[in-house]
Amino acid sequence: MPISATSAHPLDHPIWSALTTRQQALAEGGPLARRYPFAIAPFAATVDTSPRSFAALSALMSQSEVAVLFTTRPRAPAD
């Protein structure tokens, strides 16, 4: 389910909330996935857990980078 201003409390998805509000000037990415520049922090988030969103996140990263995600359940990189 996509995150929206009306469906979730900001603390339910803190990284996405930060990257789409107060810290959006730091955000890299677009409507499906965002992240902090790797030199600042490894945190990233997706709008939902769809394959499209994870593909969008993957496109933001180089092979040597890692992304730290906070999800409601464990996720495997291939999910």
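Let me begin in helix α2, where A56 is found; helices here are DSSP runs of H or I with at least four residues, strands are DSSP runs of E with at least two, and both are numbered from the N terminus. This is a predicted model, in which local features need pLDDT of at least 70 and side-chain atom pairs count only at pLDDT 80 or more, while totals for chains, interfaces and linings use all residues. Residues are numbered from 1 along each chain as its sequence is written, and side-chain values use heavy atoms, with hydrogens and water left out.

A56 is partly exposed, with a relative accessible area of 24%; on this scale buried means under 20%, exposed means over 50%, and partly exposed lies in between, for a 1.4 Å probe and protein chains only. Leaving aside neighbours within four places in sequence, A56 is in contact with L32 and A33, where contact means heavy atoms within 4.5 Å. A56 and A33 are 23 residues apart along the chain, and their C-alpha atoms are separated by 5.7 Å.

Buried or exposed: which is S53? S53, whose place is also in helix α2, residues 51–59, counts as buried because its relative accessibility is 0%. Not counting residues up to four places away in sequence, S53 touches L32, A33, T46, V47 and D48.

Let me now step back to the whole chain. The protein chain has two helices and three strands, which follow the pattern α-β-β-β-α when read along the sequence. Of its 79 residues, 28% count as buried, and among the contacts with a separation of 6 or more, 38% come from residues 24 or more positions apart.

The three strands make an open sheet in the order β1-β2-β3, with antiparallel pairing, two strands being paired if DSSP finds at least two bridges between them. At the edges stand β1 (28–29) and β3 (44–46), each with a single partner strand, so one side of each is left without a neighbour in the sheet. Two bridges join β1 to strand β2, residues 33–35, and these two strands run antiparallel; E28 stands opposite R35 in β2.

What makes up the largest nonpolar core? It has eight residues, namely I15, W16, A18, L19, Y36, A41, A45 and V47, and helix α1, residues 14–20, gives the most to this core, with four residues. A nonpolar core is a set of buried Ala, Val, Leu, Ile, Met, Phe, Trp, Tyr and Cys residues joined through side-chain atoms within 4.5 Å. Not counting residues up to four places away in sequence, I15 touches Y36, F43, A44, A45, V68 and F70.

I turn next to the cavity. There is one cavity of 30 Å³ or more, and about 40 Å³ of space lies in the largest cavity. A cavity is a set of points on a 1 Å grid over the protein atoms alone where a 1.4 Å probe fits but cannot get out, and lining residues have an atom within 4 Å of a point; points are joined across faces, edges and corners, and the volume is the space filled by probe spheres set on them. The lining of the largest cavity comprises R35, Y36, F38, A41, P42, F43, A44, M61, V66 and A67, which divide into nine nonpolar, no polar and one charged.

Finally, E65 lies in the segment after α2. Not counting residues up to four places away in sequence, E65 touches R35, F38 and L60; E65 and F38 are 27 residues apart in sequence and 7.5 Å apart in space, C-alpha to C-alpha.

Note on methods
On a 1 Å grid over the protein atoms alone, a cavity is a set of points where a 1.4 Å probe fits but cannot get out, and a pocket is an open set with protein on both sides within 12 Å along at least five of seven lines; lining residues have an atom within 4 Å of a point. Ala, Val, Leu, Ile, Met, Phe, Trp, Tyr, Cys and Pro count as nonpolar, Asp, Glu, Lys and Arg as charged, and the others, Gly among them, as polar.
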